Amino acid sequence: MSNKDFYKNFKYDERKPHFIELEKLTEDEKFKLIESKRFCMLPWVHMHAFPDGRAYPCCFADYWHPVGDLRKNTMEEVWNQEGYKRLRKNMMEENTCVECGKCYEQEENGFFSMRNDANRNYGHLIKDLDKTSQDGNHDEFKIRYWDVRFSNLCNFKCRSCGPIFSSNWYEDYIGLYGVKPDVLGRDMARVEYTTGDEDGMIAQMEKHIPYLEQVYFAGGEPLIMKEHYYLLEKLIEHGKTNVRLLYNTNFSELRYKDKHVIEYWKHFNNVSIGASLDGMGKQGELIRKGAVWKKTEENRQRMIEEVPHIDFYISATITSQNVLHVLDFHRDWVERGFIQPKDLNINICQSPDWYRIDIFPTWFKKEVIEPAYRKHIEWLRPQDSLNRASTGLEGVISFLNAKDNYEKNWERFEFEVAKLDNFRKEDFWKTFPELEPARAKP
């Protein structure tokens, strides 16, 4: 049985291995460690970075707890700085990591977290722990999973986003607040490059191409970034067409200058497109400002015709804006043959607080939202071969009811909605009339 198969079938027996005893652990005992609730493989195989340079153990890590800064140090230097070493040591000792709160919260509510996914995909590399010293230092710097954002270049300005991840938000931010956006005590540029240098990130990552197992492209918007196409060309040149390509894309453009992404995807045998779509029609266009829904549907039709073998799914972020509408959207695309029922991946919004779904009044949760989800799950489950979508929707119900944040955040939600409506000359409540009853005082 392969390591990966062994991991999939292994059940953790609550043994608590200690870091300094690592060299005494058998291979089976190392796999038991992977099944613990605090351990994650990512700090041994991966590094994430925001377009402003802040480095994290993954894209899901707590915003306020970076482990380094790529504007000041290289990735290789950050790899064994105190932040990363402390993280590895804590994980080996099964201690809570301050960077990992989002995964903990998701798992408590029944979601399959990024930590779970990382351990599933990289559990076969558990032997790399042997190269880790007692203080968390790990001498072998080989990135197996690439997800460093090249820049914040984006053609959208989604309501729940901002200038750190969207260059198109820059002018709106100035218009709303009267100042330039700032980060880490400096004014941001409209287009932010992760290392501060347009070509710096590519230069640092090229040496890792031989070790890559998976590349995750996100942004900004990756399909309009020149670096994305350069990396695909390099993978093809190195014969690495077996690398898993994963995307989080707003799915608005399939072309960059004279390069068409579909022609590149034809070279790779493992491509998954997570279309970051939170709604359809006018609802989708309001949430993800810049979307032209007709073009989105045309792009999906073209993929069906030219690359039907590529895995495509909706990667929807469930917020207080689309919590009901996303169910209609999912069913509409299933019935039109754009996706299979299973092809819905749920991302639950955990910040900012006013876009969390637990801000609704209790009566609206119990009488409107929860029944809508249970009805949708009843329709979906018999058709959901992977059980991914059904489990994700059940997690939404759990998350919805886990906390009561109405008093704390509902007024802030209405304030933020009104602020953007006024600035962009839009009407959120008219576009999402199903949420209007929640405005009545309980």
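## Charges over rings

A charge is said to sit over a ring if NZ of Lys or CZ of Arg is within 6 Å of the ring centre and within 35 degrees of the ring normal. In this predicted model, local features need pLDDT of at least 70 and side-chain atom pairs count only at pLDDT 80 or more, whereas totals for chains, interfaces and linings use all residues. Residues are numbered from 1 along each chain as its sequence is written, and side-chain values use heavy atoms, with hydrogens and water left out.

The charged end of Arg412 lies over the ring of Trp354, at 3.9 Å from its centre, and Arg300 sits over the face of Phe312, 4.0 Å from the ring centre.

## Aromatic pairs

Rings of Phe, Tyr and Trp (its six-membered ring) pair if their centres lie within 6.5 Å, and planes under 30 degrees apart count as stacked, over 60 as edge-to-face and the rest as tilted. The whole structure holds 32 aromatic pairs.

## Nonpolar cores

A nonpolar core is a set of buried Ala, Val, Leu, Ile, Met, Phe, Trp, Tyr and Cys residues joined through side-chain atoms within 4.5 Å, where buried means under 20% relative accessible area, exposed over 50% and partly exposed in between (1.4 Å probe, protein chains only). The largest nonpolar core has 97 residues, and Trp146, Leu235, Leu245, Trp265, Ile318 and Tyr373 touch the most other members. A second, separate core of 30 residues includes Phe39, Cys58, Cys100 and Met188.
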